[in-house]
2 protein chains.
Amino acid sequence: MEFLSDIELYYTLPAWLKTDTAVIEGEEFKHITRVMRHQIGDTIYFTTGMGIIYYGEILSIEKELLTVSVIKHHVCKNNFSNIIFCLPKLKHPDRFEFALEKCTELGITRFVVHNSLRAISKGEKLERWNKILLTAMKQSLRSFLPVIEAITDYKDLIKLAGEKIIFDQNAEQSIDELILNQGKNYYFIFGPEGGLSQEELNEAGSNNIFKIAENRLRSETAVIKCAAIITHKALREV
Amino acid sequence: MEFLSDIELYYTLPAWLKTDTAVIEGEEFKHITRVMRHQIGDTIYFTTGMGIIYYGEILSIEKELLTVSVIKHHVCKNNFSNIIFCLPKLKHPDRFEFALEKCTELGITRFVVHNSLRAISKGEKLERWNKILLTAMKQSLRSFLPVIEAITDYKDLIKLAGEKIIFDQNAEQSIDELILNQGKNYYFIFGPEGGLSQEELNEAGSNNIFKIAENRLRSETAVIKCAAIITHKALREV
């Protein structure tokens with residue numbers, strides 16, 4: 001399982017995994033049997049989103065589910081389990097969703113969606129967002145299904161236990177000066193178009209304010225650039 | 001003009017700039033006068049996309065154009081004028097356009113669109129792409145209007161004078177090992193979904209093959225991550 005660039009990765013719920021077999025149903029079942037036309041005896045890769053990629057053989061195909069054996073498995077490491085990306089809802093949902101997808105591909109596994117003052121709120125879409133996270137995880141052959149939650153009040157975001165890292169274009173410190181320790185939670189707080197308000201910056205009560213670029217970036221661009229740099233830097237240090 | 005985070009930046013053609021005045025017409029004229037409702041005596045920022053941001057006062061507003069004085073100007077530096085991002089057309093135009101927009105915001109100023117074997121071609125859309133580049137330049141308060149051209153044959157891309165840098169997930173070298181010299185052109189060649197074919201890799205005849213990440217990335221994600229890292233790294237070295 002060293003070479004995982006050219007495979008299809010499927011997903012099944014953790015509850016469907018037994019000691020040496022697993023059941024796959026629903027959309028994933030349909031994709032495996034109807035789109036990819038896999039048959040009994042074929043081998044596939046799958047994950048339950050908990051950090052392990054399994055490789056097994058299809059043992060049986062029934063009307064709405066299939067059973068697959070577990071021949072071998074590969075345990076992955078999550079280098080970013082202590083980093084929580086806190087994203088504002090954006091005016092354009094497609095830009096927000098693009099940021100979610102790109103962050104997942106790059107290795108971010110925890111998200112909080114918050115209502116900052118200047119964010120445009122149009123209700124939660126957790127189901128849709130979870131689908132994007134699942135697809136991006138499979139697409140990028142990752143095995144940690146990202147977790148996303150919504151916090152309607154920005155004040156509640158600030159109360160969460162962990163270090164708050166605020167990104168603001170007018171900060172004096174650059175993201176290169178940001179030092180992260182393992183074993184500590186970091187909430188990376190990004191503002192909406194127009195940035196966090198001065199009041200919100202004050203509420204955060206944090207001196208951890210960093211800029212991501214010298215020039216102005218759209219909100220989702222700042223988020224994606226930050227994900228690219230943080231995950232790349234961490235990988236080099238591993 | 002030190003603090004440029006909270007302004008509107010407008011564009012006018014280089015030909016409309018005289019020694020100490022400029023004319024603005026068309027869409028930009030409409031935006032300034034009808035959307036932003038600027039009047040004679042107001043000051044605005046504008047650029048001709050050649051690396052200078054101008055600040056001036058609106059001297060006159062006619063039916064379809066306005067004249068603005070040049071009170072001062074700020075000359076910008078293009079650190080990436082020798083880097084050409086060669087992007088394949090993608091199956092989903094919105095993903096391709098997103099990559100163009102993000103790269104421009106991050107500071108890339110030269111693009112070539114190529115038809116790699118596995119790219120899905122649906123004709124050129126240069127007018128639409130140029131509009132995206134213009135909007136992204138203004139949005140990110142940059143003053144170099146990116147240049148984009150289309151090359152229909154991948155072989156012609158390889159013939160262009162300059163170093164070819166190929167990105168492939170299965171490369172042994174990491175992008176961190178890539179060293180760029182000023183004064184030399186570098187063509188960064190990205191593949192479509194599924195990557196460049198083995199034949200295309202051979203045709204490039206280059207040992208400059210690098211990977212951008214350990215895991216699989218969508219084509220546009222690889223492009224955006226590369227832009228983020230290259231522009232960030234260069235900025236730190238300046």
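Which residues are linked in a network of salt bridges? I shall answer that after a word on the model.

Good morning. What we have here is a predicted model, in which local features need pLDDT of at least 70 and side-chain atom pairs count only at pLDDT 80 or more, while totals for chains, interfaces and linings use all residues. Residues are numbered from 1 along each chain as its sequence is written, chains are lettered from A and ligands numbered from 1 in the order in which they are written, and side-chain values use heavy atoms, with hydrogens and water left out.

On confidence: pLDDT is the predictor's confidence in each residue, from 0 to 100. Chain A averages 90, and 93% of its residues score at least 70. For the complex, the predictor gives an ipTM of 0.91 and a pTM of 0.92. Where pLDDT is low, the predicted coordinates should not be read in detail.

To the opening question, then. The network consists of A:Arg95, A:Arg218, A:Glu220, B:Glu101, B:Lys102 and B:Glu105. A salt bridge here is a side-chain nitrogen of Lys or Arg within 4 Å of a carboxyl oxygen of Asp or Glu. One of the links joins B:Glu101 to A:Arg218, with the closest N and O atoms 3.6 Å apart. Another joins B:Lys102 to B:Glu105, at 2.8 Å between the closest N and O atoms. Both of these residues belong to helix α2 of chain B (residues 93-106), three residues apart, about one turn of the helix; helices are DSSP runs of H or I with at least four residues, strands are runs of E with at least two, and both are numbered from the N terminus. B:Lys102 is buried, at 0% relative accessible area, and B:Glu105 is likewise buried at 0%. For these labels, buried means under 20% relative accessible area, exposed over 50%, and partly exposed in between, with a 1.4 Å probe and protein chains only.

Let me turn to the interface as a whole. Contact, meaning heavy atoms within 4.5 Å, involves 32 residues from chain A and 32 residues from chain B. The buried area is about 3100 Å², with 50% of it from carbon and sulfur atoms; this is the accessible area (1.4 Å probe) that two parts lose on being put together, summed over both. On the side of chain A that touches chain B, the elements giving two or more residues are α2 (93-106), α3 (126-139) and α6 (219-237). Of these, α6(A) gives the most, with eight residues.

A:Lys159 pairs with A:Asp156 at 3.4 Å between the closest N and O atoms. These two are three residues apart in helix α4 (residues 154-159) of chain A, so about one helical turn separates them. A:Lys159 is exposed at 66%, and A:Asp156 is partly exposed at 36%. In chain B, B:Lys184 pairs with B:Glu163 at 2.9 Å between the closest N and O atoms. That pair links distant parts of the chain, 21 residues apart: B:Lys184 sits in the loop between β11 (173-174) and β12 (186-189), and B:Glu163 in strand β10 (residues 163-167).

Finally, backbone geometry. A:Arg37, which is not a glycine, has a positive phi near 55° and is exposed, with a relative accessible area of 64%. A:Leu141 also has a positive phi, of about 55°, but counts as buried at 10%.
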